[in-house]
Amino acid sequence: MLNYDVLVIGAGPGGSSAARFSARHGLKTLMVEKRPDIGSPVRCGEGLSKQWMSEGDIRPDSHWIADEVKGARIYGPSERKPIVLTAENAGNEVGYVIERDKFDKDMAALAASEGADIWVKSPALSVIKEGERVVGAKIRHLGSMEEVRAKIVIAADGFEAEFGRWAGLKSIILAKNDIISAVQYRMKNVDSDTDFTDFYLGSVAPKGYIWVFPKGDHEANVGIGVTITDMKDRFDVRNYLDRWIKKHPGFSKGKTIQLVTGGVSVSRVKDTFTLPGLMLVGDAARLIDPITGGGIANAYISGRYAANIAKEAIEEEDYSLDMMRKYEKLVKDKFQRKHLRNWFAKEKLGQLSDDTLDKLVEIVSDASIKEISVQAILEAVQEKYPEMVSELEELL
Amino acid sequence: MVEVKVQSEMDVDRSLCNYCGACVGMCPTDAIFMDETVVEIHEDKCIKCAFCIVGCPTGAISAEWFHAKL
C-alpha cells in the first residue's frame, strides 16, 4: 500500500493542472494515466483560446502551437458570407490550433517539475472507499496491482468519467441531448486558410457543427460533432462528415493522415461533482462549454481550483462533502452562468431551420455590426427581418 | 413450431473501433468497459438505450435488437 496526499486519475490537462498545483502547494502527489503515452492518441479538435492562460499560469509555446489564427468564421448552411469573429469584435475567444499530444506532455512535465509523481500505463480499476469517503484507488501499474491511499482523490478521467461513477456519483450521467459524437480527419493537401478557424452550421451537422481548424500549410483538422439525439443508425456521424467533404473540392482532394474520434458533453454545470474525499475536474465534471465544445481551458482552471481546495482540506483535515463543495462553488462561480446561457443557445440554435440560420448569419455578418452583442443582433434583425424577432428573442 | 429467439447480444467490430471511449462516457448505466485493447459490454447492465450504437463515431457497435426497432 502506498500513501499520498493527493491522487490524480488521468493525465490530460485537468489532471496535469491538479497535480501541478497540488505539488506546488507542497502536497505529496501522484498522477496516474492509463495510456502508455500521455496525450496520445489525440481525442480533440485542437482549438485553444488564449484568454485563460494567465489564470492557468501557462505560457504559449511554439512547441505545441501548430497555427495561430486571426479569428473564427461561422458559415450558415448556404455558406455565403460568414460571420467573422476577431479579437476586436468578439473578445478573446480567438486563439491557436495546437498539437494536443505535445501540449498534454508539456502540461504533465509542468506537474513533474513541481515534484508530482507520474505513472503511465496505469489504469485505475476500482475505487477504495471508507464509508462515504473516497480514500484511494486500486491501480494496475505496469503489471502489478497497487493500492494507493490518498487524503484527496481528484478524478480527471475525461469524457468517460468512470471513476466518479464507480464511486457512486450519478449526477454526471448525461442526457441524450447533451451528448455529442465527434469524428475528425487530420488532412493533408487541403485548401484551408491558416488565418481562420472555420465553423459550418445547419443540417450538415444536426445540433452541432463541422469545423476546419488549420494546422499549417495545406493541413487541417476537418471534423464534425453532432448531438446523438438526431442520429438514427450506425455510421450516421461519419456519413455526415463524409458527405460534407465530398461536396467541397478543396477538402475532398485531401489525404487523411489521422482519424480522431470521441465523445463530448454539452451540458449545463451539474448540481454536484464531488463526494467526500473526491473532486471531479474537467470533462469528467462535464465542464465543457456547451456551445463551442471546448474543454481544455475549463479543465485546466478547474484542476487548479481542486488543488487549492485539496490543500485547504488537508490543512484542516476536513474531507467532508461541505469542504468539497467549496470546490464546487469556485467552479460554479466561474462557469455556471455562462454554461447555462450557452446551453440554452445550443438548444435553440439546434431548432432553427437552415433558412433562418442563413438569415441570422447574413445579419450578423453585415459590416454595420461593429461589436457583436445580443442587442446589436436583435436591432439588425428588427430592421431586416422583423418577422424573425420573436423567434430569435428567446434565443438571444 | 416457430422458435422465437430474442437476441440481445451486442457486438463491437474491432476493425472499426478506435478505442476512443466515447461509448463508455455515453452509457448511462456503466455497462461498457474499455482499456486499450478490450471493449466489454455487460449485457446484464445494458438497458438498450442505443446511445452507444448511434453515438459511436465510427459505427463499431451493433445489436440485433436495435435493428429490430428500426
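These are my notebook entries on a predicted model with chains A and B.

**Entry 1: domains of chain A**

I looked up the domain assignment of chain A first. Domain 1 takes in 2–65 + 97–175 + 270–339. Domain 2 covers 176–265, and domain 3 covers 348–395. I then checked the spacing of domain 2 and domain 3 of chain A. Their centres, taken over C-alpha atoms, are 25 Å apart.

**Entry 2: the sheet**

Next I traced a sheet in chain A. I find 7 strands in an open sheet with mixed pairing. The order reads β6-β5-β13-β14-β15-β12-β16. Which strands stand at the edges? They are β6 (83–86) and β16 (255–265) of chain A. Each has a single partner strand, so one side of each lacks a neighbour in the sheet. On average, neighbouring strands are turned by 20° against each other, direction ignored.

Strand β5 (residues 71–75) and strand β13 (residues 196–200) of chain A run parallel and are joined by 5 bridges. I noted one partner in particular: A:Gly71 bridges to A:Phe196 in β13(A).

**Entry 3: helices on the sheet**

I then asked which helix touches β5 and β6 of chain A. Helix α10 (residues 354–365) of chain A packs there, and its direction makes about 50° with that of β6(A). I also followed helix α6 (residues 236–246) of chain A. Helix α6 lies across β12 (179–188), β14 (209–214) and β15 (219–227) of chain A. Against β15(A), α6 runs at about 135°.

**Entry 4: a helix pair in chain A**

I turned to α1 (residues 13–24) and α8 (residues 296–316) of chain A. Their axes are 7 Å apart, and the helices pack at an angle of about 30°. That angle makes α1(A) roughly parallel to α8(A). I recorded the crossing of α1(A) and α8(A) as right-handed. By class, this contact holds 9 nonpolar, 7 polar and 1 charged residues. From α1(A), the residues include A:Pro13, A:Gly14, A:Gly15 and A:Phe21. Among those they meet in α8(A) are A:Ile296, A:Tyr300, A:Gly303 and A:Arg304.

**Entry 5: chain B against chain A**

Last, I checked the contact of the two chains. How many residues of chain B are in contact with chain A? I count 21 from chain B, meeting 29 residues of chain A. Both α1 (22–26) and α2 (51–55) of chain B supply at least two residues of the side that touches chain A. That side of chain B has 11 nonpolar, 7 polar and 3 charged residues.

Note on methods: Residues are numbered from 1 along each chain as its sequence is written. Chains are lettered from A and ligands numbered from 1 in the order in which they are written. This is a predicted model: local features need pLDDT of at least 70, side-chain atom pairs count only at pLDDT 80 or more; totals for chains, interfaces and linings use all residues. Two residues are in contact if their C-beta atoms, placed from the backbone, lie within 7 Å. Helices (H or I, at least four residues) and strands (E, at least two) are DSSP runs, numbered from the N terminus. Ala, Val, Leu, Ile, Met, Phe, Trp, Tyr, Cys and Pro count as nonpolar, Asp, Glu, Lys and Arg as charged, and the others, Gly among them, as polar. Axes are lines fitted to C-alpha atoms, for helices over the stretch in contact, and angles run from 0 to 180 degrees between N-to-C directions. Angles under 35 degrees count as roughly parallel, over 145 as roughly antiparallel, 65 to 115 as roughly perpendicular and the rest as oblique. A crossing is left-handed if the near helix is turned anticlockwise from the far one by less than a right angle, and right-handed if clockwise. Domain bounds come from an automatic or database domain assignment. Two strands pair if DSSP finds at least two bridges between them.
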